[in-house]
Amino acid sequence: MASFSFGAGNARKLRRIPLYLAGRLLTAVVPRSRERWVFGCAVGVADGALALWRFAEAAGERSTWLVADADQARDAEGLGIHAIRRDSLRGLWETARARVVVVTHGFGDVNRYAVTGAFVVQLWHGIPLKRIGLDSPETTRSALFPRSRTMNRLLALLYRRTMRQIALLPAASHLVRGRLETAFGLDDARVPVTGEPRVDVLSRGSVDHRRRTARDGIATALGVDLGDRPVILYAPTWRDGAPDPAIPTSADWAGIDDVLARHEALLLVRPHPLGAGEYRGAGERVRMLGSDLVADVTPLLPGVDVLITDYSSLAFDAGLVPLPVVLFAPDLQAYTARRGLYGRYRDVAGDGPATTWGAALARVDGILNDPTAAIDASRRLSDAVHAHRDGRNAERVHAAIRARLDASPRRPTRAAVRRRKNP
């Protein structure tokens with residue numbers, strides 16, 4: 001399983017400084033096209049970037065997707081998307097020439113060395129419950145000098161300067177807007193409340209259609225016939241490369257199997273794509289649903305009957321389904337001390353999270369018997385963070401991009417410069 005930490009990532013960034021400087025020189029001399037857009041996403045051809053790409057393509061934008069590997073290239077081809085390799089010379093050139101650059105995680109979603117000067121749209125990939133960016137000390141840790149305050153301050157300065165390149169960062173609501181502004185060091189004008197394109201899929205069409213489509217997607221990914229079986233999704237969040245502290249013990253697996261057998265249910269385990277941990281001991285009623293099978297789990301939420309998570313943004317998205325949520329956080333104190341959370345966890349978890357598999361399973365058992373109260377709680381949480389639930393977030397984001405592009409001065413082309421010099 002892939003693993004990643006801020007410390008290791010920041011160390012690599014410091015070693016790449018000469019490449020970033022070379023990229024700055026390139027973007028200083030290469031004019032950006034007025035028409036070209038490039039898209040990228042760390043988890044593949046998915047997430048909010050795909051939702052916005054579809055709308056932008058329909059609107060006539062000249063768009064290219066930058067892919068990281070052959071698997072992503074095949075996914076793009078299957079969707080009819082023009083794609084090129086992100087880290088190739090063509091990927092460098094396309095990023096350098098693009099007027100609009102769309103990412104969901106970071107500038108490395110496209111060719112990171114050629115972003116300077118573009119109109120950067122950072123869609124992000126979820127409503128933050130755990131602190132992110134400048135709001136979390138994790139962001140500025142370095143594996144090279146892990147205890148150096150000077151290095152932390154330098155990394156914070158570099159991070160802030162880099163984030164200033166973001167021209168647009170859509171927010172789900174005014175509450176979320178405040179978190180994104182401080183996390184990325186941006187002003188109000190760059191963080192409009194348009195809603196997130198990545199969750200449009202949870203609001204479009206009828207409830208029955210969304211559930212059928214999601215169940216078919218789960219069945220196809222796993223190669224199983226779900227029938228009418230209840231489906232439980234366990235999706236822990238990223239812990240900066242550390243293992244999931246809630247990996248079940250043998251006794252936990254026995255308890256899990258007992259609840260699943262009683263309800264004839266299926267448990268899907270989805271580790272974070274950048275996380276760590278081995279989920280051994282699972283029985284036949286447990287299936288892995290990693291990012292190798294499904295890049296973006298959001299469209300599959302309507303096919304799930306109960307979500308178990310800890311600090312993931314999925315807890316906020318579930319109410320759009322609406323989907324009952326069990327908050328399971330065995331390391332709440334340690335995680336809060338190291339990473340930090342926005343607000344109070346009990347405002348999200350209600351009376352308090354489950355801290356053991358036994359407690360989490362008891363809640364799952366109760367929900368499968370009667371989900372009404374849990375659905376209502378999930379819907380109330382979603383109402384607090386989602387200002388728009390009409391399936392038109394991508395449309396609003398596209399309109400915001402076009403409005404800013406049309407209002408901003410454009411760098412003259414080389415031909416225009418020559419005409420001014422030689423009228």
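## Spaces and surfaces in a predicted model

Helices α9 (250-263) and α13 each give at least two residues to the lining of the second largest cavity. Helices here are DSSP runs of H or I with at least four residues, strands are E runs of at least two, and both are numbered from the N terminus. This is a predicted model, where local features need pLDDT of at least 70 and side-chain atom pairs count only at pLDDT 80 or more, while totals for chains, interfaces and linings use all residues. Residues are numbered from 1 along each chain as its sequence is written, and side-chain values use heavy atoms, with hydrogens and water left out.

On a 1 Å grid over the protein atoms alone, a cavity is a set of points where a 1.4 Å probe fits but cannot get out; a pocket is an open set with protein on both sides within 12 Å along at least five of seven lines, and lining residues have an atom within 4 Å of a point. Points are joined across faces, edges and corners, and the volume is the space filled by probe spheres set on them. Two cavities of 30 Å³ or more turn up by this rule.

Here are two of the spaces, with residues sorted as nonpolar (Ala, Val, Leu, Ile, Met, Phe, Trp, Tyr, Cys, Pro), charged (Asp, Glu, Lys, Arg) or polar (the others, Gly among them).

| Space | Volume | Lining residues by class |
|---|---|---|
| Second largest cavity | about 40 Å³ | nine nonpolar, no polar, no charged |
| Second largest pocket | about 400 Å³ | 11 nonpolar, three polar, four charged |

The cavity's lining includes I232, I256, W357 and L361. As for the second largest pocket, 18 residues line it, and V325, V348, A349, G350 and A377 lie nearest its centre. Its lining draws at least two residues each from β11 (325-327), α12 (345-349), α13 (357-369) and α14 (372-385). The largest share, six residues, comes from α14.

Now for two leucines. L301 sits in the loop between β9 (286-288) and β10 (306-309). With a relative accessible area of 0%, L301 is buried (under 20%; exposed is over 50%, partly exposed in between, with a 1.4 Å probe and protein chains only). Its C-alpha atom is separated by 9.6 Å from that of I218, 83 residues apart along the chain.

L158, found in helix α6 (residues 149-163), counts as partly exposed because its relative accessibility is 34%.
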